[in-house]
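Subject: Structure handover

Hi,

Here is the structure for you to look over. Please open it next to this message and follow along.

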Amino acid sequence: MKKIFSITAIVLFFSIQTGFAEPLGLPPVPIPADNPQSKAKIALGEKLFNDPRFSSTGDVSCATCHDAAKGFADGPLKTSEGIKGLTGTRNAPTILNAAFMKSQFWDGREPDLEGQSKGPFINPVEMGLENHDPILTLVRDDRAYWKMFRKVFGLKKKNALTMDHVAKAIASFERTIISGNSPFDHYYFTNNKAAMTPSAVRGFNVFLEQGRCVSCHTVSQTHALFTDSRFHNLNVNFNSISGGVQALAKRQQQEKADGVDLDVSILTDKAVAELGRFVVTGQWRDIGAFKTPTLRNVDLTAPYMHDGSIKTLEDVVDFYNNGGFVKAGDPVNSFQSGGIRPLGLNDTQKADLVAFLKMLTSPLN
Amino acid sequence: MSIINRRTLLKTGGTFVAGACLPLTNIRLAFADQSQDFTFAYISDSHIQHIKGTKFVRNWDQGLKRAVAEANLMSPKPDFVMYGGDLAQLGTREELDHGFEIMSALKHKTHYVMGEHDYYADLGEYWSSQVGKQYYSFDHKGVHIIVLNSILTDDHWTHERWANGTERMGVMAGLDDPRGSPFMVGAAQRKWLANDLKGVSKDTPIIVFSHSPLQKLFKNWNFWTDDAELVQAILQPFDSVTVFYGHVHQIQYNQIGNITFHSVMATAWPWPYPESYAQAENHMPHLTVPINRADPFFERDATGWQYVDINSGKATVKFSLTENEPRTVGYDAKRGYPLDTKYVSRSKPPQNHY
Amino acid sequence: MRNIIQTLFLVTALGLGSTLTAQADEFTKEDLDIWQKEFMAVVAVGRTAFTDPNLGTNGVVCAQCHPNGANTHPETYPKFQKQIGRVITLPEMINWCIRNPLEGKPMALDDPKMVAMQAYITHERRNVKLAPGKH
Ligand SMILES: [Fe+2]
Ligand SMILES: [Fe+2]
């Protein structure tokens, strides 16, 4: 019986994949063995993603901060606004192609989309619920939801419906929020030389060579995700904590050992948020290090960086060209990644690089 | 935080990996006599390189700055920091001064070992004027600590072959330069060493710091000390001897008789392992599990520094590697040699080679 | 019988241990010497470039990180290099190291110095099996 079920799941999966062909420039979406895609599950996930009833105030959904019209982010906000206009410490990354990331969040504290999707509901500055119970009550009692869950997961009894099912459905939906097919993809993967402007073509070359971007924002012969899913300290706002790193790190590791929820301390404590990957691993090499974001659709998702501190792509390019700061004279911290150094780009090269970044926008489906 | 007592420590063979593995979370061992345990940081091979005017190679500067910043975060505070040599690339005053300036940000007491890159421009004159003696010993919490200048070579090579110090330094700075000469500790220092150890009881733990390996590993790149067996013979009678050396810019560890050997990383750049040179034989310790190849894009890849726990004379060496998984190599009392517990299946027992 | 043994001997000697049988109309020893000398002269130029502080702009030289050309693995090219995101040839990787650790200007692929550096690198790696694409 179990066997038959998994076979139907695979069949469905393939029918979906043939339904929308993989966008140009992307590898196949990795699908975990224990959460196969199905059309009904994706539809359920989409409904959950857009439903504001899962917040304490009834007006915040995932889509509030990951808005399709804003490239699945929430520009022009620097840091996201959840219930009652409360703001967190971090800029909302796009959900587009999050399915390809080897870990989730700027610091990778969740290994996968399933794990990630449980967090926002109970974050005090996001959807503000005390715990997951109200969600379960709602999806069990709401007739439309219960019907969908029953069908998708083959559930018999209402109390068999758990947060894992909610998480799986949302994750399945997120695995369809993928985007390729940009002018760059046509230029590079179908050899359509007219797909990018001459300035962008030169900019791509800067991206690969003098700009040294490609080692972190990866491109390969067959696809381009523009992220290595690794963590790097670029010197974005690290100076705000560099005076007291030792005490701060000690306090954070102690809080973690005492069982304080990481999601909460990161999104409510500005200083802790700047520790980056360190909060997860406790290793100095990860201090102030953040996950390389994708650059696809980056033109749509200003402002930039984990704290939204850089307003424009021009400023981002200046930041890299200077070796890790926008304002001349800002210090570079000692923990900065060995991948960052002054680049010596001239004004034309900088403009070309920005022109290239604007070629990574996918058409709206 | 977990407390490991001495008995469990001995049972697990003396090696252990601390939970979150960093200086910050450095778990103190609850020893019978805690006062005899201590930690120190070991930074080496920064190769500060002068371009011109006030410009220095940024890559190497960043390596040393990072090591200093991390060592300053160590908790508990290390008893001291040992600098393993090759602070400069061409031994100039500019380079040494710039290196000492970066080192001056360290909050801990610092000792220095002489490297060939610090020495051959002026035969160590400027370095000595800033640091002091080139070889010396001191006692620390029951451990006898010895620093040697192991990068000397024969007088003829040193004094008669070269037009000037710059030329001599240039030749010695080329690791693979066939005009170079093998390193040695030399008769004078060996005599001093034998003398220094006269009053030391055989059960006193001994730690020796040198720049070159005090072993004969690979002559081509001077992973070599020509009178290694003579120096080893002086140290062999003692129950517990640990030698720390720089120069090789890679992880190596070995055991020869009573002597445990540990190399330290460079903060500047990593070197290939000798087996990657197809045209010459090497005698690398079979024990060593090498580090994986580096990605030169990430300038700190395969570079780093160490902090060392001395547990009643035996060293547990923890590598702080900025682009690699951290590693811990500790003395395995049951086997009688150092071991990286994580990769234990990949190492073979040691060979007996100088 | 003795004859056969002698021929076998000769074959091994000429083929330098390879399994090729002797060829008619051999190159003369004189030719071989000349060609080898020519090659080694270029290898020497390559070694000089490898230790030339003016190849880049920061005084750093290739040999600092690649003693005896080690870890340049010419036998693995062409191969995928993530620093460039493509399958590339050896000179492209040489240029990458010139641009990055040496902070220098890349060379034309047919620049005599570029050819010489390849000669030096491959010479130091002689007798190693080809392993295209290997990491
Ligand atoms: Fe060195
Ligand atoms: Fe050295």
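This is a predicted model: local features need pLDDT of at least 70, side-chain atom pairs count only at pLDDT 80 or more; totals for chains, interfaces and linings use all residues.

**The iron ion (ligand 1)**

Which residues hold the iron ion (ligand 1)? The protein donors are B:Asp45 (OD), B:His47 (NE2), B:Asp86 (OD) and B:His249 (NE2). They lie 1.9 to 2.3 Å from the ion. The angles among the four donor atoms run from 87 to 176°, and the site is irregular. Why irregular? Four donors count as tetrahedral if all angles lie between 85 and 135 degrees, and the range here reaches 176°. Along the chain, the donors follow the spacing D-x1-H-x38-D-x162-H.

B:His47 sits in the loop between strand E1 (38-43) and strand E2 (50-52) of chain B. B:His249 sits in the loop between strand E11 (241-245) and strand E12 (253-256) of chain B. The pair therefore ties together parts that are 202 residues apart in sequence. B:His47 and B:His249 are both buried.

**The iron ion (ligand 2)**

The iron ion (ligand 2) has its own set of donors. They are B:Asp86 (OD), B:Glu116 (OE), B:Glu116 (OE), B:His211 (NE2) and B:His247 (ND1). The spacing along the chain reads D-x29-E-x94-H-x35-H.

**Chain A and chain C**

Next, an interface. Eleven residues of chain A are in contact with eleven residues of chain C. Together the two chains bury about 860 Å², with 40% of it on carbon and sulfur atoms. Which residues of chain A lose the most area to chain C? They are A:Glu209, A:Gln221 and A:Arg341, which together make up 44% of what that side buries.

One salt bridge is found across this interface. The side chains of A:Glu209 and C:Arg99 form a salt bridge, at 3.9 Å from N to O. A salt bridge needs the nitrogen within 4 Å of the carboxyl oxygen, so this pair, at 3.9 Å, is counted. A:Glu209 is also among the residues that lose the most area to chain C.

**Other salt bridges**

How many salt bridges are there over all chains? The search of the whole structure finds 30. Here are some of them.

- A:Arg53 and A:Asp51 meet through their side chains, at 2.9 Å from N to O. A:Arg53 is partly exposed, at 40% relative accessible area. A:Asp51 is buried, at 7%.
- A:Lys350 bridges to A:Asp318, with the closest N and O atoms 2.8 Å apart. This pair links distant parts of the chain: A:Lys350 is in helix H15 (residues 347-357) of chain A and A:Asp318 in helix H14 (residues 313-322) of chain A, 32 residues apart. A:Lys350 is buried, at 19%. A:Asp318 counts as partly exposed, at 24%.
- C:Arg47 and B:Asp176 meet at 2.7 Å, N to O. This pair crosses between chains. C:Arg47 is in helix H2 (residues 29-50) of chain C, and B:Asp176 is in the loop between helix H7 (165-173) and helix H8 (187-196) of chain B. C:Arg47 and B:Asp176 are both buried.
- A:Arg90, A:Asp107, A:Arg109 and A:Asp263 are linked in a network of salt bridges.

**Cysteines**

A:Cys213 is buried, at 14% relative accessible area. A:Cys216 is buried too, at 12%.

Best wishes

Conventions:
Residues are numbered from 1 along each chain as its sequence is written. Chains are lettered from A and ligands numbered from 1 in the order in which they are written. Side-chain values use heavy atoms; hydrogens and water are left out. Buried means under 20% relative accessible area, exposed over 50%, partly exposed in between (1.4 Å probe, protein chains only). Donors are N, O and S atoms within 2.8 Å of the metal (3.2 Å for Na, K and Ca); water is not among the atoms, so sites may look incomplete. Four donors count as tetrahedral if all angles lie between 85 and 135 degrees; four count as square planar and six as octahedral if opposite donors are over 155 degrees apart and all others between 65 and 115; anything else is irregular. Helices (H or I, at least four residues) and strands (E, at least two) are DSSP runs, numbered from the N terminus. Contact means heavy atoms within 4.5 Å. Buried area is the accessible area (1.4 Å probe) that two parts lose on being put together, summed over both.
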